[in-house]
Amino acid sequence: MRYYEPAGVEAVLTRLLAEPSVSSGIVHHAHIPARPPDFVPMPAWLDPGLRAGLACRGVTSLYRHQAESIEAVRAGEDVVVVTPTASGKSLCYLVPTLQALADDPTARALFLFPTKALGQDQVTELAELSRASNLHINASTYDGDTPNAIRSAIRSAGQVVVTNPDMLHAAILPHHTKWFQLFEQLRIIVIDELHTYRGLFGSHVANVLRRLMRICAHYGSHPVIVCCSATIGNPGELATLLTGRAARVVDRNGAPTGERHILMVQPPLLDPATGARGSAQMLATRWALPFLKAGRQTIVFSRSRVGVELMLSNLREALRLGDGPRTRVRGYRGGYLPTERRAVERGLRNGELLGVVTTNALELGVDVGQLDVSILAGYPGSIAATWQQMGRAGRRLGTSVSVLIAGGGPVDRYVVEHPEFLLDSPPEEARLDPNNLHVLLGHLKAACFELPFEPGERFGTMEAAPLLEFLGEEGLVRQAGDDRWYWSSDNFPASSVSLRAAAEENVVIIDTTPDRPRVIGEIDIFAAQTLVHEDAIYMHESTQFHVDKLDWDERKAYVRRVDVDHYTYADRAVTLKPLETFATAAATGGDCAHGEVMVSSLVSMFKKLKFGTDENVGWGPVHLPELELQTTAYWLMLSSAAEGWRRADLDVALLGLGRAIQTVAAVLLMVDPRDLGLVSQVRSPHNGSPTVYLYEAVPGGVGLSERLYDRHSELLAGATDLLAGCGCESGCPACTGPRLEPDVDAKALALRLVQALRPTGERAARKAAGKTAAGAAA
């Protein structure tokens with residue numbers, strides 16, 4: 001199918017729907033009609049200059065959520081604004097900030113964004129609005145790219161300081177005495193993209209904000225906090241966990257929306273016996289090409305960095321062969337240099353670029369203009385993230401198209417085959433644990449470095465004294481004669497805490513092809529073990545590089561440009577050791593428990609896979625050190641349920657059961673499947689029994705394991721229905737996972753095992769009643 005002339009979104013979609021090879025995979029086609037705006041007049045108290053500035057930008061009235069937020073902030077209330085992408089959330093904090101500065105030029109505001117790009121966007125928008133309002137506002141970005149020459153000027157004269165949690169943590173709070181003008185006059189704190197502050201990162205940021213509020217109290221300021229978030233299930237609870245203060249939830253969206261088509265697509269079935277289906281990435285390319293050739297701006301999301309490079313290569317090759325706009329399609333992901341990412345953002349805004357292939361790096365609200373089509377190659381892992389990625393298209397009142405293509409995982413298949421899960425279910429709740437001791441102790445050290453702790457003072461919800469006594473035994477703090485706790489070490493504690501990962505360092509990737517080697521990117525050390533090990537094929541902007549050397553100690557990977565017909569894939573071997581059991585309960589056929597575990601992972605080999613077919617054309621060893629993760633887990637220990645089994649059959653059954661439980665857990669808790677790791681052991685060296693572990697993939701965990709332990713019966717019920725209801729013959733990726741033993745009926749073995757773990761009466765009742773909602777969720 002080749003057509004290169006410009007065409008509208010609906011015209012291209014109509015052609016695709018008429019193409020049987022494309023339309024046959026469509027499981028559901030939803031049409032969401034346009035919605036008009038809900039306007040509210042400008043408040044009478046608004047500064048005349050600000051009112052005129054807004055009018056110059058075409059804003060003569062406010063959307064309902066904007067008006068409600070602005071009035072709440074003026075009344076001194078903390079607010080959390082929860083509306084979809086492109087609904088004008090930024091005015092909810094820009095207007096109160098500019099009004100506060102118009103009333104009192106000595107006032108200060110602090111804007112926090114999770115990424116530097118978002119912060120730079122907002123400085124530009126704030127500067128334009130203040131100029132139009134004839135307000136002379138000193139707004140500056142303070143991040144790692146800020147030149148040293150102007151940092152002192154920002155500290156002394158910056159009325160609006162725009163930064164990110166990392167800089168606040170390591171460069172502002174520890175040096176608060178240099179920032180006294182900011183902290184003495186701080187009126188407004190803005191926390192944008194609130195929904196991103198979950199899990200380990202959110203737990204760290206919550207503790208950074210505890211430190212921030214201590215310092216504000218020290219200088220006598222009591223700022224209002226304005227949070228903005230994409231739609232999540234618990235915005236008020238999350239804002240309270242993050243800031244330690246109750247917030248008013250504003251969620252009545254008044255912004256208009258354009259007409260939207262949502263299509264859920266299943267790749268073609270290749271082998272009914274194994275359940276194998278076609279590649280989501282190849283199908284995403286097929287869907288994207290007609291829109292690109294018709295001049296419609298298109299964004300394609302991949303769940304992995306390798307996926308970005310493979311789809312980018314395929315798109316560029318297809319466009320090259322058809323004389324299409326090849327150079328107007330770019331990649332965007334972590335590992336690209338900041339200058340490359342900014343160039344892509346500008347290209348999308350000004351229309352120079354027609355398409356971009358990205359990871360969730362562009363899921364956040366970076367301004368990339370008004371796109372027409374969003375294509376998701378795989379379920380992003382949560383309802384909230386799916387709507388966020390789909391919302392990247394349709395940022396204007398015209399028609400937009402969003403296509404969700406199921407990946408190979410069972411959760412992907414479930415979401416596509418049950419469209420009501422996405423279209424009708426509430427979004428997930430964001431979870432974090434600020435009192436995770438792996439996180440809290442590092443910030444308690446930093447807080448004591450910044451200001452001494454008073455007798456009886458609390459740090460968030462925790463009593464500080466017992467923890468300070470522990471640190472005192474380590475020689476890090478001391479209690480003086482005034483009973484206050486002081487920092488007593490020569491170390492700079494904030495430097496030892498990384499907010500975003502268990503690993504503090506990145507591996508720099510150096511291209512040695514040119515005469516003068518140059519840095520082309522960087523990645524964290526966990527990803528480096530699978531992406532830039534020696535002899536890997538590393539892909540960057542669809543260009544292939546061979547990794548000649550990985551200097552692990554120096555954190556440098558040396559690569560050279562090549563042109564080969566394959567890419568490399570390395571996987572981790574994972575082992576697990578329980579450290580402490582928090583709770584155990586007797587269950588049918590065994591026991592269930594949750595507690596603290598140590599997870600060790602080792603990359604030992606890689607495969608060479610042919611482009612297009614994924615045919616294995618070779619392999620090689622990987623020699624890298626083992627990495628460790630201390631976290632929490634839920635586990636199931638089998639006793640009578642495992643009696644009478646052949647060891648080989650039990651091995652297959654345990655793995656199949658574990659994968660089914662992992663799938664059900666992701667849907668039941670509404671979390672990304674990647675948040676839960678799986679280990680199965682036929683004979684656990686720690687308890688001597690066959691055991692299935694589900695562990696949390698972040699240091700210390702965020703409470704998922706305890707929730708799984710509490711819902712043990714639901715997990716087994718859902719796993720039973722998932723296995724029994726799957727249409728495959730003997731196991732497939734949608735129930736027991738990829739079949740490692742083609743001649744073994746993994747489905748029957750896993751079903752036999754899970755039924756032995758269910759109470760007899762319950763099994764009979766469920767068999768008579770048929771599938772329940774828990775089974776449907778599986």
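Leu 708 touches Tyr 634, Ala 665, Leu 669, Leu 676, Leu 694 and Leu 715, when residues up to four places away in sequence are not counted (contact means heavy atoms within 4.5 Å). This is a predicted model, in which local features need pLDDT of at least 70, side-chain atom pairs count only at pLDDT 80 or more, and totals for chains, interfaces and linings use all residues. Residues are numbered from 1 along each chain as its sequence is written, and side-chain values use heavy atoms, with hydrogens and water left out.

Leu 708 belongs to the largest nonpolar core, which has 44 residues and in which Tyr 634, Leu 638, Ile 661, Leu 708, Leu 715 and Leu 753 touch the most other members. A nonpolar core is here a set of buried Ala, Val, Leu, Ile, Met, Phe, Trp, Tyr and Cys residues joined through side-chain atoms within 4.5 Å, where buried means under 20% relative accessible area, exposed over 50% and partly exposed in between, with a 1.4 Å probe and protein chains only. At least two residues of this core come from each of strand 31 (627-638), helix 21 (647-669), strand 33 (691-696), helix 22 (704-710), helix 23 (712-725) and helix 24 (746-756); helices (H or I, at least four residues) and strands (E, at least two) are DSSP runs, numbered from the N terminus. The element that gives the most to this core is helix 21, with eleven residues. Apart from this core lies another, of 42 residues, among them Val 80, Val 161, Leu 451 and Leu 499.

Strand 6 is joined by three bridges to strand 7 (residues 160-163), the two running parallel, and Ser 140 stands opposite Val 161 in strand 7.

Between the two, Gly 202, Val 205, Ala 206 and Leu 209 in helix 10 meet Leu 241, Leu 242 and Thr 243 in helix 11.

Another open sheet of seven strands has the order 1-11-18-17-14-16-15, with mixed pairing. Its edge strands are strand 1 (26-32) and strand 15 (329-332), each of which pairs on one side only. Five bridges connect strand 17 (residues 373-377) with strand 18 (residues 400-405), which run parallel, and the bridge partner of Ile 375 in strand 18 is Val 403. Helix 1 (residues 9-17) packs on this sheet by touching strand 1, strand 11 (260-265) and strand 18, its direction making about 30° with that of strand 11.

The axes of helix 18 (residues 437-450) and helix 19 (residues 464-473) come within 11 Å and cross at roughly 85°, which makes helix 18 roughly perpendicular to helix 19. Among the residues that meet there are Leu 437 and Leu 440 in helix 18 and Ala 464 and Leu 467 in helix 19.

How far may the model be trusted? The protein averages a pLDDT of 88, and 93% of the residues score at least 70, pLDDT being the predictor's confidence in each residue, from 0 to 100. Among the elements, strand 8 has the highest mean pLDDT (98) and helix 26 (residues 773-777) the lowest (38). Over residues 763-778 pLDDT stays under 50, and the model has 24 contacts beyond four places in sequence for them. Where pLDDT is low, the predicted coordinates should not be read in detail.

Technical notes: Pairing = 2+ DSSP bridges. Axes fitted to C-alpha atoms, helices over the stretch in contact; angles between N-to-C directions. Parallel < 35°, antiparallel > 145°, perpendicular 65-115°, else oblique.
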